[in-house]
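Open the model in your viewer and keep the selection panel at hand. We will go from stop to stop.

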Amino acid sequence: MYNNKNENDSGNIPCDDWWGYGGDVKTPEKEMALEKFTNEIWDHLTEEQINDSVFLKRWLIARQFDVAQAVEMFLKSKSFREKMKIDDLLENYVPPEVITKYMPGGDVGHDKEGSLIRIVPWGELDMKGIMSSTKRSDLVKSKLIQFENVLEDCKIMSQKIERRVIGQTVIFDMENVGTRHLWKPGLNLNMYLSHILEDNYPEMMKRLFLINAPKLLPMIYKLAKPLLSENMKQKIFVLGRISLISQKQL
């Protein structure tokens, strides 16, 4: 189940010696897993990735330090990136106007750890209208660019504050969310985009706050729950009003 969050629980991620959530610490077993994982995928790594221990740890954390599963995840993601030609997307792709104009949400600043904060007023989303006005592939490509921009911002902020910055905090404002948001094709696409995030950008999502939660939230969660990983479920926190999000939580 998702979490009911209070302002005394900050959900911080240790960034100086980062192994994951909940105060996880280094152990000899984790160090051995990191070494084995790195050796297994060595021929597929860039020089930058080889020297980026946090990048390597992401895949292990996402698969609970199961090296074989982490290797499989990494290689599938590499194939996905090649298939989607992500480097070319970043240089040449221009999203259609219907996405840039009508897809709600945007970055509003950074949290105390330097990570992006993104607010998504989900109640303003007309997924049926957007999906009838543009291609599914454009929605996927636009989301990939958004994810890549988060990674780039992490690099920039890491240099700026001289401390490793990881992931992003997302706030879903669910005011005005109603039955029209239960439209199955729209929900399925959102779940697919969530899987792209988890499968190709592991541990990029630090926290997901749901504010102004409607009465039908349990119904929405029931539909989405089978499609969410256990890891993602632990990052979802339900709040009442936006005023309940304190500086400690961000």
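Stop 1: Select helix H11, residues 230–233. Lys-233 and Glu-230 are three residues apart in this helix, so about one helical turn separates them. This is a predicted model. Now show the two side chains. Lys-233 and Glu-230 meet in a salt bridge, 2.9 Å from N to O. Is Lys-233 buried or exposed? Lys-233 counts as buried, at 7% relative accessibility. Glu-230 is exposed, with a relative accessible area of 52%.

**Stop 2: a network.** Select Asp-111, Glu-113, Lys-206 and Arg-207 together. Salt bridges with shared partners join these four into one network. Side chains of opposite charge can pair when their charged atoms come close. How many salt bridges are there by this rule? The count comes to twelve.

**Stop 3: helix H8 and its partners.** Select helix H8, residues 136–161. Start with Lys-155. Its side chain meets that of Glu-48 in a salt bridge, 3.2 Å from N to O. Glu-48 sits in helix H2, residues 47–50, and Lys-155 in H8, so the pair links distant parts of the chain, 107 residues apart. Lys-155 counts as partly exposed, at 42% relative accessibility.

Stay on H8 and move to Glu-148. Which residue does its side chain meet in a salt bridge? The partner is Arg-81, at 2.7 Å from N to O. Arg-81 lies in helix H4, residues 67–84, so this pair ties together parts that are 67 residues apart in sequence. Glu-148 is buried, with a relative accessible area of 11%. Arg-81 is partly exposed, at 27%.

**Stop 4: strand E3.** Select residues 116–121, strand E3. How many of its six residues are buried? Five are, and the strand is mostly covered.

**Last stop: Arg-118.** Centre the view on Arg-118 in E3. Asp-107 stands opposite Arg-118. Val-170 in E4 also stands opposite Arg-118. In a regular strand the side chains alternate between the two faces of the sheet.

Terms used. Residues are numbered from 1 along each chain as its sequence is written. This is a predicted model: local features need pLDDT of at least 70, side-chain atom pairs count only at pLDDT 80 or more; totals for chains, interfaces and linings use all residues. Side-chain values use heavy atoms; hydrogens and water are left out. Buried means under 20% relative accessible area, exposed over 50%, partly exposed in between (1.4 Å probe, protein chains only). Helices (H or I, at least four residues) and strands (E, at least two) are DSSP runs, numbered from the N terminus. Two strands pair if DSSP finds at least two bridges between them.
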